Amino acid sequence: MRWKDRTAIAALPLLALASCGSTDGMREEVQRGRPEAFPPAPPVEPAKIGEPYQISGQSYTPSDQSNYDEVGYASWYGDELAGNKTGNGETFNPDGITAAHRTLPMPSFVEVTNLDTGRTILVRVNDRGPFSRDRIIDLSKGAAKQLGVAGQGHFPVRVRRVNPPEHERAALSRGEAAAERLETPPALLNALRKKLGAQPIADKPDPANVAAAAAASVRS
């Protein structure tokens, strides 16, 4: 073997070591110098289905309904229950974007659509209720404000279970609002209202009026 060939072969281990050292250095730089490059994922909250229970002689059986999608009427509750324990043991925050549902796991996540306007928000279910037969969900005061219904006693909604990304789950767990969804198209909105038994909306509400109503509800 020629001297030049032996020299090139002998250099290969040194190059490999240099390469490993460079990789380790980059890894240490990321870990020590720029941790924000790989932010840790928030822990996933375990959802609890819960045992069957009775309220006022009516039995309810919680279940893990991944395809839950229902239209009906909703109401909201607020400061009068501040500090109380929710169905999953948390402290109720009226300003959080949460809801009470009779049977969905806790926590679980639903998109709630206002069938009067088409506005849709993401809500975290962490409590049990409502126990009035003509309601399918109770929103917190914060959720009612975001949906633009804080001035109403009850209102028509669509409630659909969803699987949002982790950053939205984390925001709702902190009591913050997730980004609103796209407004429901008028054709779908009318179909949902017909399913509910309400009159279809002839025209899409003026966005300026909807925004003004939402702003007024936030200030109230």
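Which residue just after helix 3 takes a positive phi? In this predicted model, local features need pLDDT of at least 70 and side-chain atom pairs count only at pLDDT 80 or more, while totals for chains, interfaces and linings use all residues. Residues are numbered from 1 along each chain as its sequence is written, and side-chain values use heavy atoms, with hydrogens and water left out.

The residue in question is Gly-175, with a phi of about 90°. Helices (H or I, at least four residues) and strands (E, at least two) are DSSP runs, numbered from the N terminus. Helix 3 spans residues 166–173, and its buried residues are Glu-168, Arg-169, Ala-170, Ala-171 and Leu-172. Here, buried means under 20% relative accessible area, exposed over 50% and partly exposed in between (1.4 Å probe, protein chains only). Strand 5 (108–114) and strand 6 (120–127) are among the elements that cover these buried residues.

Turning to the aromatic rings, a search of the whole structure finds four pairs. Rings of Phe, Tyr and Trp (its six-membered ring) pair if their centres lie within 6.5 Å; planes under 30 degrees apart count as stacked, over 60 as edge-to-face and the rest as tilted. Tyr-60 and Phe-131 form a tilted pair because their planes are at 55°, with ring centres 5.5 Å apart. This pair links distant parts of the chain, 71 residues apart: Tyr-60 lies in strand 2, and Phe-131 in the loop between strand 6 and strand 7 (137–140). Tyr-60 counts as buried at 10% relative accessibility, whereas Phe-131, at 34%, counts as partly exposed. Ring pairs also link Tyr-53 with Tyr-60 and Phe-131 into a cluster.

Technical notes:
Contact means heavy atoms within 4.5 Å.
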